[in-house]
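Here is a short tour of one protein chain, written to be read with the structure open beside you. Take a look around first, and then follow the notes below.

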Amino acid sequence: MGLPRTLQNLNTYINGADYRGIIGEFEQPKLSENTGDWRGGGMPGTVKRKMGLNPMEATLTFGGHETALVRLFARDDTRIRLVCAYQAKSTSTPQAVDIFMRGSFNEIDFGKDKPGDPTEHKYKADLTYYRREVNGVVEVEIDMLNGIYMVGGVDRYAEIMAILAG
C-alpha cells in the first residue's frame with residue numbers, strides 16, 4: 001500500500017524555448033481508440049471493433065502575454081515538451097515524466113483581463129505526435145503521420161505498416 005504520485009513541478013519547452021515560470025497548467029491528450037459497432041449473422045448482439053485512434057489534443061495554460069506563442073497560432077509542426085516531476089511523498093524518489101508532442105495551436109483563449117489581476121491564456125493544440133517517457137523509458141509513442149503506435153514497447157501497428165511497405 002502506498003500514496004499516489006502527484007505532480008510536484010513541471011516545465012515546458014515550445015520549439016526549444018524555455019517557459020519555466022510561465023507555464024501554469026496543462027491538460028494532457030486523451031488517448032482513445034475509435035471503435036465501431038459490428039453485428040454479423042448469427043451473433044446475438046453487437047461487439048466493438050477497433051477502427052484506429054481518435055484525434056489527440058492538449059491544452060496548455062500560460063501566465064501573462066507571450067507574443068512568441070501567439071505567433072505560433074495555426075502553424076503546423078509546433079514542438080511541445082513537458083518535463084514533469086511526480087512524487088508520492090517528500091521522502092520517496094521523484095519520477096521523471098517527459099511528454100513530447102507535435103502539432104498546431106489551433107485555438108487560443110485569451111480569457112478575461114483586468115488591470116492588476118493575473119493574466120492566463122490557454123492554447124489548445126491538435127496533435128499529430130505524442131510520446132510519453134517515464135524515467136527515460138518510452139511507455140507510449142503515437143505518430144499519426146508515420147504509422148507508429150507503440151505501447152509498453154509493443155508496436156501495435158507494425159504488421160499493418162509491413163503490409164503497406166510492400
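## Briefing on the fold

Two helices and 12 strands make up the secondary structure of the protein chain. This is a predicted model, so please read every value below as computed from it. Starting at the N terminus, the order of elements is β-β-β-β-β-β-α-β-β-β-β-β-β-α. With a radius of gyration of 19 Å, against the 15 Å that the globule rule gives for 166 residues, the chain is more spread out than a compact globule.

**Overall dimensions and surface**

- The C-alpha trace spans about 70 × 45 × 35 Å along its principal axes.
- Of the 166 residues in the protein chain, 31% are buried.
- The accessible surface of the chain is about 10,700 Å², and carbon and sulfur atoms contribute 51% of that.
- Among contacts with a separation of 6 or more, 60% are between residues 24 or more positions apart.

**The nonpolar core**

- The largest nonpolar core contains 28 residues, and Ile 14, Leu 60 and Phe 105 have the most contacts inside it.
- Strand 1 (6-14), strand 3, strand 6, strand 7 (78-87), strand 8 (95-109), strand 9 (120-134) and strand 10 (137-143) each give two or more residues to this core.
- Which residues does Leu 60 touch, once neighbours within four places in sequence are left aside? Its contacts include Ile 14, Ile 23, Phe 26, Ile 80, Leu 82, Phe 105 and Tyr 123.
- The contact list of Leu 60 also includes Thr 12, Glu 25, His 121 and Lys 122.

**Aromatic rings and a charge over a ring**

- Three aromatic pairs turn up in a search of the whole structure.
- One of these pairs joins Tyr 19 and Phe 62 in an edge-to-face arrangement, with 5.5 Å centre to centre and 65° between the planes.
- Tyr 19 is in the loop between strand 2 (17-18) and strand 3 (23-27), while Phe 62 is in strand 6 (residues 56-63), so this pair ties together parts that are 43 residues apart in sequence.
- Both partners are buried: Tyr 19 has a relative accessibility of 6%, and Phe 62 has one of 1%.
- Ring pairs link Tyr 19, Phe 62, Phe 105 and Tyr 123 into a cluster. Phe 105 is also one of the residues with the most contacts inside the largest nonpolar core, and both Phe 105 and Tyr 123 are in contact with Leu 60.
- Elsewhere, look for Arg 131, whose charged end sits over the ring of Phe 100 at 4.1 Å from its centre.

- Asp 77 belongs to the loop between helix 1 (67-70) and strand 7, and it has a positive phi, near 70°, although it is not a glycine.
- Is Asp 77 buried or partly exposed? At 49% relative accessibility, Asp 77 counts as partly exposed.
- Thr 78 is placed in strand 7 and is buried, with a relative accessibility of 1%.
- Beyond its neighbours within four places in sequence, Thr 78 contacts Ile 14, Asn 15, Leu 72, Met 101, Arg 102, Gly 103 and Phe 105.
- Thr 78 and Asp 126 are 48 residues apart along the chain, and their C-alpha atoms are separated by 10.0 Å.

- Gly 63 lies in strand 6 and is partly exposed, with a relative accessible area of 31%.
- Not counting residues up to four places away in sequence, Gly 63 touches Ile 22 and Thr 119.
- Asn 135 sits in the loop between strand 9 and strand 10. Phi of Asn 135 is positive, near 50°, in a residue other than glycine.
- The relative accessible area of Asn 135 is 47%, so it counts as partly exposed.

- How many of the eight residues of helix 2 (residues 158-165) are buried? The number is zero, so helix 2 lies largely in the open.
- Just after helix 2 comes Gly 166, with a positive phi of about 85°.

Methods
Residues numbered from 1 in each chain as written. Predicted model: local features only at pLDDT ≥ 70, side-chain atom pairs only at ≥ 80, totals over all residues. Heavy atoms only, no water. Phe/Tyr/Trp six-rings, centres within 6.5 Å; stacked < 30°, edge-to-face > 60°. Helix = DSSP H or I, 4+ residues; strand = E, 2+ residues; numbered from the N terminus. Buried < 20%, exposed > 50% of the residue type's maximum accessible area, 1.4 Å probe, protein only. Lys NZ or Arg CZ within 6 Å of the ring centre and 35° of its normal. Core = buried A, V, L, I, M, F, W, Y, C linked by side-chain atoms within 4.5 Å. Contact = heavy atoms within 4.5 Å. Rg over C-alpha atoms; globule rule 2.2 N^0.38 Å. Areas by Shrake-Rupley, 256 points an atom, 1.4 Å probe, with all protein chains shown as cover.
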